[in-house]
Amino acid sequence: MLNVAIFAKVHDPRCQGVAAELVTWLEARGCQPLLEAHLARHLGHPNGLSEETIREQAGLVVVLGGDGTLISVARLFSGREVPILGVNLGSLGFLTEITVEELYPVLEECLVAGPRITERMMLEVTVTRDNRELARCEVLNDAVINKGAIARIIELEARVNDHFLTTFKADGLIISTPTGSTGYCLSAGGPIVQPLMHCIVIIPICPHTLTNRPIVISDESVTRIVVKSSFDEKVYLTLDGQVGVELQEGDSIEIRRALKTTPLVTSRDKDYFAILRAKLKWGER
């Protein structure tokens with residue numbers, strides 16, 4: 001019996017409907033659906049579980065929603081190497097690449113032949129203040145340093161493998177994985193990177209110096225960013241758009257490739273460029 005965890009946007013009626021159908025479909029095939037207690041209550045399912053129990057028991061995870069929902073679930077399962085199947089019920093979604101129409105054929109494949117998995121690299125981000133570790137987190141998409149107000153720029157000194165890169169004078173800085181290149185990175189003018197490439201992308205946000213451009217570095221590199229001047233404004237580090245750390249002048253942020261990866265289930269009938277064309281509507285405008 002395969003234990004299949006189901007996560008969904010609880011307050012989205014469409015997600016609830018698909019989740020209810022999925023529970024019935026799985027039970028009919030001898031699988032055990034694992035529902036978080038909040039979702040179980042909304043579906044009227046008697047067996048709601050804690051996230052910790054689901055993390056321990058799940059052999060496959062299905063996420064119904066957008067990329068934000070998938071990222072939060074990926075954080076929950078970090079280190080467990082459980083395949084995650086993202087179903088796009090959001091507005092765009094590059095991580096949740098499976099459509100609702102494709103859900104059951106892909107699940108059938110998973111049950112019969114096993115899931116087709118791509119391992120997505122993650123970044124380990126460590127914040128240090130006065131030689132003391134303040135925070136440590138792993139991210140699937142990106143780490144973003146930006147300011148709380150829009151009046152002034154901030155100065156961020158960047159080093160790669162202890163070699164001075166530059167001092168960015170900008171609204172902020174994005175350090176992205178290949179997976180995150182189609183997120184905030186893309187909106188800030190960064191490149192689209194194939195998700196299985198081994199690299200890290202650094203993108204200044206609205207740099208004061210127009211010659212500051214995005215740069216792609218090896219995933220073996222260790223990048224260190226120091227907050228040189230914040231003009232007494234609040235500066236924040238945001239991890240995958242969901243976890244925030246308030247920074248101070250002099251704080252150091254170290255970014256390196258994480259030892260862990262996130263296994264995402266993909267369709268055997270799709271390639272990455274077909275997904276790009278569909279999501280970005282290339283050739284249609």
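The structure is a predicted model, in which local features need pLDDT of at least 70 and side-chain atom pairs count only at pLDDT 80 or more, while totals for chains, interfaces and linings use all residues. Residues are numbered from 1 along each chain as its sequence is written, and side-chain values use heavy atoms, with hydrogens and water left out.

**Nonpolar cores**

A nonpolar core is a set of buried Ala, Val, Leu, Ile, Met, Phe, Trp, Tyr and Cys residues joined through side-chain atoms within 4.5 Å. Buried means under 20% relative accessible area, exposed over 50%, and partly exposed in between, with a 1.4 Å probe and protein chains only. The largest nonpolar core has 28 residues, and those with the most contacts inside it are Ile6, Val62, Leu64, Leu85, Leu103 and Leu107. Two or more residues of this core come from each of β1 (3–8), α1 (13–28), α2 (37–43), β4 (60–65), β5 (84–88) and α5 (100–113). Helix α1 gives the largest share, seven residues. Helices (H or I, at least four residues) and strands (E, at least two) are DSSP runs, numbered from the N terminus.

Another core, of 27 residues, lies apart from this one; among its members are Ile200, Ile202, Leu239 and Val245.

Contact means heavy atoms within 4.5 Å. Not counting residues up to four places away in sequence, Ile6 touches residues including Ala19, Leu22, Pro33, Leu39, Val62 and Leu64.

**Aromatic pairs**

Rings of Phe, Tyr and Trp (its six-membered ring) pair if their centres lie within 6.5 Å; planes under 30 degrees apart count as stacked, over 60 as edge-to-face and the rest as tilted.

| Pair | Centre to centre | Angle of planes | Class |
|---|---|---|---|
| Phe7 and Phe77 | 6.1 Å | 85° | edge-to-face |
| Trp25 and Tyr104 | 5.2 Å | 40° | tilted |

Phe7 in strand β1 and Phe77 in the loop between α4 (67–76) and β5 are 70 residues apart, and their pair links distant parts of the chain. Phe7 is buried at 8% relative accessibility, and Phe77 is buried at 3%. Trp25 in helix α1 and Tyr104 in helix α5 also link distant parts of the chain, 79 residues apart. Trp25 counts as buried because its relative accessibility is 13%.

**A strand hairpin**

Two strands pair if DSSP finds at least two bridges between them. Strand β9 (residues 154–160) pairs with strand β10 (residues 163–170) in the antiparallel sense over seven bridges. Ala158 stands opposite Thr166 in β10. The two strands β9 and β10 form a hairpin with two residues between them, and Asn161 in the turn has a positive phi of about 50°.
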